[in-house]
Amino acid sequence: MRTQVCIIGGGPSGLLLGQLCHQAGIDAIVLERRTKDHVLSRIRAGVLEQGLINLLEEARVPTRMGTEGYPHDGTVISFEDMEVRIDFTKHTGTAVMVYGQTEVTRDLYAAREQTGGTTLFEVDEVEIHNAALEGDEGASVTFMHQGTRKTIECDYIAGCDGFHGPSRQAIPADKRKEFERVYPFGWLGVLSETKPAHHELIYANSERGFALSSMRNENLSRYYIQAPLTDKVADWSDDAFWEEFKRRIPRRVAEQMETGPTIEKSIAPLRGFVCEPMQYGRLFLAGDAAHIVPPTGAKGLNTAASDVHYLFRALQACYLDKDPKALGGYSEKALARVWKTQRFSWWMTKTLHRFPDTDPYELHIQRAEIEHLASTESMQKTMAINYVGLPY
Ligand code: FAD
Ligand code: DHB
């Protein structure tokens with residue numbers, strides 16, 4: 001098999017890049033390790049920036065966002081009994097869209113199937129060859145599929161295979177630097193078929209730790225609480241979750257919120273991570289393959305989309321404007337935005353969580369930060385600009 005761009009990973013980054021390439025007449029094949037049903041069973045991000053929505057439009061992906069998405073023009077930050085509303089539209093003229101990553105992925109798969117793009121599922125033992133630019137031989141990817149070993153010859157490889165995929169490891173260790181911040185807690189998340197506690201998201205820093213009230217639609221709520229890394233899902237009954245959650249969000253919201261059986265429960269660790277550079281010869285990393293943010297601030301999927309934007313522009317320049325040198329600037333452009341989203345996610349995380357070493361001094365600093373945010377328009381604007389998404 002031969003293609004122009006071999007995309008490893010059929011998550012949102014790989015699928016979006018695949019559809020953009022397809023619409024631009026650039027040939028691409030997507031390789032995914034799991035089944036489509038498995039990919040669609042993962043409950044992840046819920047908040048989309050306008051930049052991602054624009055890319056979906058550019059890729060001509062019909063989404064159900066018009067009828068099933070919820071534009072949000074603000075969010076609430078609370079600290080114990082204090083509440084601050086950040087007005088996105090007032091400060092930036094833009095809103096964000098509540099529309100699950102699962103739905104984005106479902107729309108992307110439907111578009112891919114409709115336009116006849118090739119996706120191979122349940123591939124195994126994916127290996128990258130000749131990514132370095134030395135020598136005349138082109139790059140290739142080998143893998144096991146339906147019991148046979150296959151090879152795809154290609155011009156370029158897009159590593160969109162998430163944090164644990166093989167692409168990043170294909171960059172020789174002496175050619176990459178990794179920067180990491182592991183947080184000493186995780187997020188326990190639940191999905192429940194109940195009315196959202198509040199019409200906007202609430203990010204709460206309480207005496208008992210962080211909580212986030214989010215949603216998918218008017219009868220599907222998504223809630224998270226900060227939990228010790230040693231906790232297991234089985235340690236948390238639904239009743240225990242609701243009791244703890246209600247103790248962390250503003251009392252007026254807790255008192256009237258609806259609870260019920262949860263339909264999903266999972267624990268995710270929190271980590272910040274960046275790999276530099278995001279390219280090596282003919283191999284380009286995008287999304288979680290290159291970086292991870294702690295989820296506070298909803299930047300993971302959105303930053304994956306900005307990588308796809310920069311990579312796609314470079315591929316367009318290479319194939320359509322015959323300017324392959326444009327690819328050489330990908331990593332620098334993508335990383336400049338990646339580090340700004342790392343900074344924002346780190347700021348949100350440290351301001352809103354209780355750390356094991358949060359002493360009375362730190363607590364005063366957190367309170368002062370929120371009071372400053374509440375009383376200072378320019379701080380609110382800075383937060384709004386970052387939350388709705390920095391320009392590409
Ligand atoms: P992935 O979604 O990880 O996709 C990678 C794909 O590659 C997978 O399908 C995987 O099966 C495949 N793969 C792996 N190895 C191989 C291999 N060897 N061969 C072939 N395929 C392979 N982000 C936000 O922006 N907003 C949010 O609100 C938000 N909330 C989150 C909440 C939770 C609980 C979690 C866990 C994450 C959240 N994120 C959020 C982060 C977001 O989900 C990720 O940033 C996003 O999934 C990245 O997309 P990706 O395509 O780069 O990687
Ligand atoms: C969701 C997740 C986040 O990390 C976040 O900051 C906002 C919303 C969600 O899953 O709905």
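## Overall form

The chain, as predicted, has a secondary structure that comes to 12 helices and 19 strands. Its radius of gyration is 21 Å, close to the 21 Å that the globule rule gives for 392 residues, so the chain is as compact as a globular protein of that length.

Of the 392 residues, 45% count as buried. When contacts between residues at least 6 apart in sequence are considered, 73% of them join residues that are at least 24 apart.

## Two domains

The chain is divided into domain 1, made up of 2–69 + 97–180 + 271–349, and domain 2, made up of 183–269 + 353–388. The centres of domain 1 and domain 2, taken over C-alpha atoms, are separated by 30 Å. To the contact between them, domain 1 gives 13 residues and domain 2 gives 14 residues. On the side of domain 1 that touches domain 2, the residues comprise 5 nonpolar, 5 polar and 3 charged.

## The surroundings of ligand 2

The residues that surround ligand 2 are Ala45, Gly46 and Val47, then Leu201, Leu212, Ser214 and Arg222, and finally Pro295, Thr296, Gly297 and Ala298. By class, this shell divides into 6 nonpolar, 4 polar and 1 charged.

## An open sheet of mixed pairing

In one part of the model, 8 strands form an open sheet, with mixed pairing, in the order S6-S5-S13-S14-S15-S12-S16-S19. The edge strands of this sheet are strand S6 (82–87) and strand S19 (291–292), each of which pairs on one side only.

Within the sheet, strand S13 (residues 202–206) and strand S14 (residues 209–217) pair in the antiparallel sense, over 5 bridges. In this pairing, Asn205 stands opposite Phe210 in S14.

Note on methods. Residues numbered from 1 in each chain as written. Chains lettered and ligands numbered in written order. Predicted model: local features only at pLDDT ≥ 70, side-chain atom pairs only at ≥ 80, totals over all residues. Helix = DSSP H or I, 4+ residues; strand = E, 2+ residues; numbered from the N terminus. Rg over C-alpha atoms; globule rule 2.2 N^0.38 Å. Buried ≥ 20, exposed ≤ 12 C-beta atoms within 10 Å, placed from the backbone. Contact = placed C-beta atoms within 7 Å. Near = placed C-beta within 6 Å. Nonpolar A, V, L, I, M, F, W, Y, C, P; charged D, E, K, R; others polar. Domains from an automatic or database assignment. Pairing = 2+ DSSP bridges.
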